[in-house]
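Student: Could you take a close look at a single part of this model with me? I'd like one connected walk through it, and then how it sits beside the rest of the chain.

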Amino acid sequence: MGDLISQWVGFINGYLWGSVLIYLLTGCGIWFSLRLKLIQLRHFKHMFSLLKLSRNSSENGISSFQALCTSLAARVGTGNLMGVAVAISLGGPGAIFWMWLIAFFGMATAYAESALGQLYKEKDENNNFRGGPAYYMRKGINSPKLAITFSLCLFFGYGFVFSSVQANSITDAFQGSFGIDPLMSGIVITLLAAYIIIGGLRNIARFAELAVPFMGVAYVLVALFVIAINIEQIPAILMQIVGSAFGWQEAGGGVVGAAIIHGVQRGLYSNEAGMGSSPNAAAAAEPMPHHPASQGYIQSLAVFFDTMVICTCTAIIILLAGDSLDGVMGIQLTQQALALQVGSWGAEFITLAILFFGFTSIVANFAYADNNLKYLKLDNPFGRWFLRIGFLAMLVFGSSASLPQVIALADMATGLMTVVNVTALFLLSKVVVRITKDYQAQLSKGQLPTFEANEETEKSLGLTQGVWRK
């Protein structure tokens with residue numbers, strides 16, 4: 001049975017990642033980059049200015065900063081440490097270039113999906129905001145079937161699969177550094193996760209608000225130190241990445257194809273642009289300024305931090321090791337590469353980093369799955385405990401499973417979610433352009449943009465009545 005499942009997962013992944021998703025994701029990013037006139041470049045500085053307002057929140061939602069940290073908690077995970085190592089091992093240094101490219105265009109995609117998530121949000125019975133792709137599929141394009149399909153894909157991916165990858169990397173790192181049995185460390189992780197996730201989205205957001213900035217800054221500072229002591233090698237490393245991406249340093253087109261496939265795969269898994277995950281966090285936020293486009297800007301910036309900053313740091317550390325670590329795979333490649341630069345404590349530092357990166361991803365993944373319970377009409381004691389028990393059981397499974405097994409399942413879940421979500425984004429592109437023009441028109445007049453929907457606007461866009469009225 002296990003072999004049969006592996007064959008089917010491999011077949012689905014081969015079809016999705018061999019052709020469909022590379023064109024779909026790149027096409028979506030280019031489409032929104034053009035429709036929004038390269039918003040990720042023109043308004044890059046503005047994204048940072050919004051962070052000044054992002055800590056304000058209300059009783060109805062989490063703050064924009066908490067939404068940013070929650071989405072970064074899911075984005076900035078093992079994909080930034082283990083995923084980069086896998087991309088380089090399987091696709092060569094050139095895979096990093098394609099990770100950059102998918103992230104650049106992905107910033108526009110992330111803007112679009114998160115602005116829509118905020119626009120089509122609604123209040124639940126506890127007066128908290130909820131939303132995400134399922135909501136804009138049902139309201140924006142009037143497709144309940146597509147919304148249910150996406151919710152099931154997200155529930156499968158974030159409820160059961162993705163966190164097993166995080167657990168696998170954490171336990172692998174602890175085994176490599178301290179010789180701890182993966183199952184034992186997996187049980188400890190599961191107990192800690194259980195303590196936090198029972199507190200709900202607000203509890204998860206508060207945890208992410210503290211943990212994400214700390215872990216991100218610490219990792220980047222260590223990476224900058226490594227870059228500084230090897231500054232004379234950095235130009236050659238960058239040329240190696242670009243040259244390998246186009247096959248200038250290798251013979252045959254197969255190398256280029258592998259770089260593209262693995263770069264796009266690991267890039268999407270790391271930054272999640274177009275996957276439909278971050279709109280769940282974006283919808284829960286009380287936006288500052290009070291306009292759905294502001295959450296688009298905030299979540300676009302998250303993609304930049306994830307790939308352009310953190311993934312690049314990991315790639316440089318690994319490539320500085322040269323051929324001395326041939327045959328080493330996964331998180332242990334990143335560990336040993338850093339240890340070569342700073343000594344044995346480097347491997348232990350990566351273990352600590354992967355614990356923070358991976359654990360925050362685990363709790364954020366649960367928040368996304370939990371957000372979809374209500375939409376699937378499973379927001380009852382049975383549904384909540386089914387998710388909790390299944391989620392925690394998969395953490396234990398992932399901690400002792402083989403790396404190829406958990407990555408194959410994650411790739412399948414990622415691919416299925418992305419196909420459904422990107423289809424909806426294309427269909428709603430006029431709405432994205434409309435609210436972006438409204439925001440930018442107010443901004444150009446020196447105003448703090450606000451969005452207020454009257455009855456006619458609510459009807460034309462399919463918005464929930466009253467959510468965007470004063």
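Predicted model: local features only at pLDDT ≥ 70, side-chain atom pairs only at ≥ 80, totals over all residues.

**A helix and its end**

Tutor: Now step back into the helix itself. α15 covers residues 331-342, which makes 12 residues. At 1.5 Å a residue it should span 16 Å, and its end C-alpha atoms are 17 Å apart, so the two values agree. As for what is tucked away, the buried residues of α15 are Ile 331, Leu 333, Thr 334, Gln 335, Ala 337, Leu 338, Gln 341 and Val 342.

That's the close-up; here's the setting. The chain has 20 helices and 4 strands, and buried residues make up 60% of its 470 residues. If you take contacts between residues at least 6 apart in sequence, 82% of them join residues at least 24 apart.

For a helix pair, go to α8 (residues 144-178) and α17 (residues 381-400). They pack at an angle of about 30 degrees, with their axes 7 Å apart, and α8 passes α17 in a right-handed crossing. On the α8 side the contact includes Phe 155, Tyr 158, Gly 159 and Phe 160, while α17 brings residues including Phe 386, Leu 387, Gly 390 and Phe 391. Sorted by class, this contact has 10 nonpolar, 8 polar and no charged residues.

Leaving out residues up to four places away in sequence, Ala 95 touches Ala 87, Ala 259, His 262 and Gly 263. Ala 95 and Ser 244 are 149 residues apart in sequence, yet their C-alpha atoms are 8.0 Å apart in space.

Last stop, the cysteines. The count comes to 0 disulfides, with the cut-off for a sulfur pair being within 2.5 Å. Take Cys 311: its closest cysteine sulfur is in Cys 313, and the two sulfurs are 9.3 Å apart, so they are too far for a bond. Cys 311 counts as buried, at 3% relative accessibility. Cys 28 is buried too, with a relative accessible area of 0%.

Technical notes. Residues numbered from 1 in each chain as written. Heavy atoms only, no water. Buried < 20%, exposed > 50% of the residue type's maximum accessible area, 1.4 Å probe, protein only. Helix = DSSP H or I, 4+ residues; strand = E, 2+ residues; numbered from the N terminus. Expected span 1.5 Å × (residues − 1). Axes fitted to C-alpha atoms, helices over the stretch in contact; angles between N-to-C directions. Left-handed = near helix turned anticlockwise from the far one by under 90°. Contact = heavy atoms within 4.5 Å. Nonpolar A, V, L, I, M, F, W, Y, C, P; charged D, E, K, R; others polar.
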